[in-house]
Amino acid sequence: MKILVINGPNLNMLGIREPGIYGKSSFADLLNLLEATARELGIEVEQYQSNHEGDLVDKIQWAYGKVDGIVINPAAYTHTSVAILDALKAVSIPAVEVHISDVDARESFRQISYAGLACCKTIKGHGLEGYREAIVYLFQILQ
Ligand code: DQA
């Protein structure tokens, strides 16, 4: 089984970026957590991060026929990108949306998720642990 984890803009700044909201763990810590989860479940987990909307669309399209599930944190593009929503719908790969922070408790513009409309589950406000939960969820439904 192969799971693709996609991270959108500014998530490479984890640990530096607004630690009061996103925590003190770094992006490298997130990569370690993904590796540990893959090892624990005996599956392949690939991570892709980009600050560019079109690159995220390209990666979702690339995933067609190559991965069994997608975990996606589109970051700010969550709230704006119909292109990412359409790409997820186009490939029709089971996808889980993750947000590190509790977007529902923040500004009203963060409460709209386009990508989420193409996802079978959303995990928000669980910090980096949310990525582990999302992978485990996909692992269970895909078996
Ligand atoms: C985020 C929430 C978004 O609103 C924000 O733009 C991000 C990160 C999160 O993981 O909590 O960049 O997706």
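The legends below describe close-up views of a predicted model.

View 1. The residues around the ligand are Arg 17, Tyr 22, Asn 73, Ala 75, Ala 76, His 79, His 99, Ile 100, Ser 101, Val 103 and Arg 110. By residue class, this shell is made up of 5 nonpolar, 4 polar and 2 charged members.

View 2. For Arg 110, a polar side-chain atom is found 2.8 Å from an oxygen atom of the ligand. Taken on its own, the ligand has 320 Å² of accessible area, and the protein covers 99% of this.

**View 3. Ala 75, a shell residue with a positive phi.** Ala 75, which is one of the residues surrounding the ligand, belongs to the loop between strand 3 (69–73) and helix 4 (82–91). Its phi is near 55°, a positive value in a residue other than glycine. Ala 75 has a relative accessible area of 11% and therefore counts as buried, the limit for that class being under 20%.

View 4. Glu 18 is located in the loop between strand 1 (2–7) and helix 1 (19–22). Although Glu 18 is not a glycine, its phi is positive, at about 35°. The relative accessibility of Glu 18 is 43%, so this residue is classed as partly exposed, a class that lies between the 20% and 50% limits.

**View 5. His 99 and its side-chain partner Glu 97.** His 99 is part of strand 4, which comprises residues 95–99, and it is also among the residues that surround the ligand. The side chain of His 99 is joined to that of Glu 97 by a polar contact of 2.8 Å. His 99 is classed as buried because its relative accessible area is 6%, and buried means under 20%.

View 6. His 126 occupies the loop between strand 5 (121–124) and helix 5 (129–142). With a relative accessible area of 42%, His 126 is partly exposed. Between His 126 and Ala 76 there are 50 residues of separation in sequence, and the C-alpha to C-alpha distance is 18 Å; Ala 76 is itself one of the residues around the ligand.

**View 7. Ala 134 and Leu 142, two residues of helix 5.** Ala 134 is found in helix 5, and Leu 142 also lies in helix 5. Ala 134 has 0% relative accessibility and so counts as buried, whereas Leu 142, at 28% relative accessibility, counts as partly exposed. The C-alpha atoms of Ala 134 and Leu 33 are 12 Å apart in space, although these residues are 101 residues apart in sequence. For Leu 142 and Met 1, which are 141 residues apart along the chain, the C-alpha atoms are separated by 8.4 Å.

Terms used:
Residues numbered from 1 in each chain as written. Predicted model: local features only at pLDDT ≥ 70, side-chain atom pairs only at ≥ 80, totals over all residues. Heavy atoms only, no water. Near = heavy atom within 4 Å. Polar contact = N/O pair within 3.5 Å; in protein donor to acceptor, adjacent residues only side chain to side chain. Areas by Shrake-Rupley, 256 points an atom, 1.4 Å probe, with all protein chains shown as cover. Nonpolar A, V, L, I, M, F, W, Y, C, P; charged D, E, K, R; others polar. Helix = DSSP H or I, 4+ residues; strand = E, 2+ residues; numbered from the N terminus. Buried < 20%, exposed > 50% of the residue type's maximum accessible area, 1.4 Å probe, protein only.
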